[in-house]
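Please examine the sequence and the structure shown below.

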There are 2 protein chains.
Amino acid sequence: MSNSLALRRRTFLNFGLLGAAVSAALPVKAFAQAPANVSFIAPTADNPIRINFNENALGMSPSAQAAARDAVAKGNRYAKAEITQLHGKLCDMYKVPKNFLLLTDGSSEGIRALMGAYSRLPKVQLVIPELTYGDGEHFANLYNVPVVKVPMLADWKVDVAGLKKAVDGFDGFSIVYFVNPNNPTSTVTPASEIEPWVKSKPDNTLFIADEAYAEYVSDPKFKSMAGLIQDGLDNVVLLKTFSKLYAMAGMRVGFAVGAPSIIKMMKDQVAGEKLNYPGVTAALVSLDDEPFQAYSRASNLESRKILASCLDKLGVKYLPSSTNFMFFELNEPIRAFQKKMATRNIIVGRPFPPAMNWCRISLGTPQEMAYVANELTKMRSEGVF
Amino acid sequence: MSNSLALRRRTFLNFGLLGAAVSAALPVKAFAQAPANVSFIAPTADNPIRINFNENALGMSPSAQAAARDAVAKGNRYAKAEITQLHGKLCDMYKVPKNFLLLTDGSSEGIRALMGAYSRLPKVQLVIPELTYGDGEHFANLYNVPVVKVPMLADWKVDVAGLKKAVDGFDGFSIVYFVNPNNPTSTVTPASEIEPWVKSKPDNTLFIADEAYAEYVSDPKFKSMAGLIQDGLDNVVLLKTFSKLYAMAGMRVGFAVGAPSIIKMMKDQVAGEKLNYPGVTAALVSLDDEPFQAYSRASNLESRKILASCLDKLGVKYLPSSTNFMFFELNEPIRAFQKKMATRNIIVGRPFPPAMNWCRISLGTPQEMAYVANELTKMRSEGVF
């Protein structure tokens, strides 16, 4: 992580941790113009509250939207100059040379490219926590890479020792894919548990650190893997996306940071850095729009507070969230709960085995979360939640 | 090809072939609102005439631009519903079931996916004409697939018999990648030369038909391979892009049509149909914007006429163009000519070996082509062209 990002994170900590009153801290003055698509309308069947894909309900920053709209007029051209500019800007941010970074079509493409590249090794396995984002396993299956799933610890914690054991006991190449903070659990795996392992440079091991949600973290136990890459470790690759904090899921911009040997292998698995013009320009502007970043974080924290406060009142167990979603326990299978919520025009997360009695709710706008909290409270009083 | 496309093509033929007077036929009345970025400004070093990447200088249709701009406000969401809609619409257009089509991030991703998929076969080669678009060879190299290049015939014609010979003499799997009309030669390979070979179903052979420029064709010798796929042939896959006629190079939307077995293999090599929101909506609207399609074709034909007329006057040899670019002979190496043109703020195509004394000029707007024609005429009178 760049110093400026680290600085912003420290500033952010002053907003207070989960549960503290943060509405007063919403930097509305610094962010004079609210995004156009943030107003609240009570959900209907045609226009439900969509809190199922960890999207950012705020919409892109107005400055990024303006830049993307302007870019549409250039959409007949390849965005060659702007792609080079974005690549350079990210290298500066991460303080790495140009060959340490690859732009990708969201971070999904990064995961695919890595699995594609490493599947060509003679003997390779993917090691993952059992409860995590599915793309690692998905692409491993497609590329015929055997997958070892390590069961979770209590409260769905990632079993780092278990991951290590699975690597140590294998005589081929191991890819360890871990999302931090983890999805769908929303929790941080402390740097103190992972860093010593990565730094010990285990033979034939690649660590894929998917930090899609890192910008939301206020837990000091978290540390980005970027520092290890800057320090010269060549057994770890960082995956990032503009989909979350910057609210750009549909704009398809992500990137990977790692040693040139890894980036080269990835590059061979993608059809060039051919990102779309509106997405590239939106990303460029988003990196500079610090007021929106602060607003995006504060809004997320406010939404988290509203949902947490509701779950606390109802006595529902949930995991501490360091992301833009929360994971809480149901007294029934998620499939049944999903259906109940859908009838109330609220689309919640899908089943995440093996946590089949847990629900992931992406944090929508504070107004959406107030609505959802109210529905959950009504459901509790009706005995259906 | 769909009937409606075929119908439009027939209508288009009425505009007349290369060299006929077409300006009067420009459907300006049917296309009341000209794209915003079509006005002509004399080129400068900072703002040269870019006729090097076969982009469409008109910019997207105003209706597609409006849709893409509207979509920016939704760019925080994955474009799931619209992607499904686009997929369905294209299947309807091509009269194929849903599993015959895959949306891709431009057609480059389709080429990469195919090379990635087929590189996993035990013994495989890529057979290409020596002078063609480079992505097939590029991805074959990346995936360690040996490439057999078949020399061109006179006037840079594709040697179909030579391609066939290279396939017949190989005891593994052959991928035949051919672009039709071809790039950079701009010429059509007659269906009569390819179809019998494809229909003969040679063992262990896949034909990749890259028809990026097919919408510009008025030569009746051309026939899309779509018909063979509709007829049930499972040894051919069609690659298409919205980059050219629809002026969407920077919007990254393409697709592949082929038998489900091929589409499935490709799908396993891409990170989902995760196209960008502005691109998907622009594509949806572009398919319906027939006035723009007609305008785009007519403008291209007008530009082709201007350049052809200039080259005729100067006695410069060029190949008959069925695309949005032209290929003409120089009396010096292309590198030297490129530099001369760059000093006049005109960026022309790169070297295309083995045609090292030929130049590819993408057809810009008619005004740009008039400017270029004037510069070429001046250069000739100065003895430098």
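**Aromatic rings in a predicted model**

Lys80(A) lies over the face of Phe53(B), 4.2 Å from the ring centre; a charge sits over a ring if NZ of Lys or CZ of Arg is within 6 Å of the ring centre and within 35 degrees of the ring normal. This is a predicted model, in which local features need pLDDT of at least 70 and side-chain atom pairs count only at pLDDT 80 or more, whereas totals for chains, interfaces and linings use all residues. Residues are numbered from 1 along each chain as its sequence is written, chains are lettered from A and ligands numbered from 1 in the order in which they are written, and side-chain values use heavy atoms, with hydrogens and water left out.

**Charge over a ring**
- Lys80(B) lies over the face of Tyr78(B), at 5.7 Å from the ring centre.

**Aromatic pairs**
- Rings of Phe, Tyr and Trp (its six-membered ring) pair if their centres lie within 6.5 Å; planes under 30 degrees apart count as stacked, over 60 as edge-to-face and the rest as tilted.
- By this rule there are 28 aromatic pairs over all chains.
- The ring centres of Trp156(A) and Trp358(A) are 6.2 Å apart and their planes stand at 90°, so this pair is edge-to-face.
- Trp156(A) is buried, at 18% relative accessibility, and Trp358(A) is buried at 5%; buried means under 20% relative accessible area, exposed over 50% and partly exposed in between (1.4 Å probe, protein chains only).
- Phe242(B) and Phe255(B) have ring centres 6.0 Å apart and planes at 55°, so they form a tilted pair.
- Both Phe242(B) and Phe255(B) are buried.

**Aromatic cluster**
- One aromatic cluster is formed by Tyr94(A), Phe242(A), Tyr246(A) and Phe255(A).
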